[in-house]
Amino acid sequence: PGVEDTHVTLKTTNISLPVLFRVVPLDGVGAEGRVSGEIPLRIGKDGQLQIDNASLQSIAAGKLTYNPTDPPAFLKDDSNAQIGILRDALKDFGFDLLKMSFSGALGGTQKVMLNLQGRNPELYNGRQINLNLSVEGPLQSVLEYNPAGTKITDDVQRLLDKNRTSK
């Protein structure tokens with residue numbers, strides 16, 4: 001009785017993205033750049049480790065590529081134009097800003113949100129693209145989830161479609 005949760009916050013400074021993705025390997029991910037932020041951890045009375053609103057942000061421009069050998073199901077959906085844009089953009093995405101936040105119980109459900117601002121030189125004549133991706137599920141299968149957070153506003157979608165046809 002009276003045992004409280006234990007709280008610890010890991011402060012990260014100048015973490016190399018290639019090193020981060022070696023620790024958390026994802027098929028087809030390549031990265032250049034550095035991030036800093038905080039990872040608040042809570043150890044419950046039952047010993048369960050929980051991440052509470054962790055946040056990492058780029059400290060300078062960098063590059064993110066995602067070209068997996070076997071893409072998750074949601075990236076294979078050729079009927080959804082927004083997924084096609086996401087897939088094409090991430091093949092060679094130079095970012096000016098990368099923000100990543102995540103929460104959830106380790107070994108349980110995780111919520112990961114990614115905000116990228118940058119460009120792919122091969123897409124829309126290299127114009128800036130803002131990508132927001134939100135996925136939720138068990139950490140080991142979070143990339144198999146069909147993300148509801150990849151919606152692009154109608155105005156942005158019209159602009160992208162107009163630029164695509166003017167190439």
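Is Asp5 buried, partly exposed or exposed? Select Asp5: its relative accessibility is 29%, so Asp5 counts as partly exposed. The classes are buried for under 20% relative accessible area, exposed for over 50%, and partly exposed in between, with a 1.4 Å probe and protein chains only.

Before moving on, note that this is a predicted model, in which local features need pLDDT of at least 70, side-chain atom pairs count only at pLDDT 80 or more, and totals for chains, interfaces and linings use all residues. Residues are numbered from 1 along each chain as its sequence is written, and side-chain values use heavy atoms, with hydrogens and water left out.

**Salt bridges**

Arg42 belongs to strand S3 (residues 34-43) and Asp5 to the segment before strand S1 (6-16), so the pair ties together parts that are 37 residues apart in sequence. Helices (H or I, at least four residues) and strands (E, at least two) are DSSP runs, numbered from the N terminus. Arg42 is partly exposed, at a relative accessible area of 25%.

Next, select Lys11 and Glu38. Their salt bridge has its closest N and O atoms 2.6 Å apart. This pair links distant parts of the chain, with Lys11 in strand S1 and Glu38 in strand S3, 27 residues apart. Lys11 is exposed, with a relative accessible area of 62%, whereas Glu38 is partly exposed at 37% relative accessibility.

Then go to Asp96 and Arg119, whose side chains meet in a salt bridge at 3.0 Å, N to O. Asp96 is in strand S6 (residues 93-105) and Arg119 in strand S7 (residues 109-119), so the pair ties together parts that are 23 residues apart in sequence. Asp96 is partly exposed, with a relative accessible area of 43%, and Arg119 is partly exposed too, with 30%. To see shared partners, select Asp5, Arg42 and Asp52, which salt bridges join into one network. The structure holds six salt bridges.

Asn80 caps the N-terminal end of H2, with a side-chain oxygen 2.9 Å from the backbone nitrogen of Gln82.

Now select Asn120, in the loop between S7 and strand S8 (129-138). Asn120 counts as buried, at 3% relative accessibility. Which backbone atoms does the side chain of Asn120 reach? One is the backbone oxygen of Ala89, at 3.3 Å, and another is the backbone nitrogen of Glu122, at 2.8 Å. Not counting residues up to four places away in sequence, Asn120 touches Asp88, Ala89, Lys91, Asp92, Phe93 and Gly126, where a contact means heavy atoms within 4.5 Å.

**Confidence**

Finally, colour by pLDDT, the predictor's confidence in each residue, from 0 to 100. The chain has a mean pLDDT of 80, and 79% of its residues reach 70 or more. Confidence is highest in strand S5 (residues 62-66), at 94, and lowest in helix H3 (residues 154-165), at a mean of 46. Over residues 140-160 the pLDDT is below 50, and this stretch has 35 contacts in the model beyond near neighbours in sequence.

Key: Polar contact = N/O pair within 3.5 Å; in protein donor to acceptor, adjacent residues only side chain to side chain. Salt bridge = Lys/Arg side-chain N within 4 Å of Asp/Glu carboxyl O.
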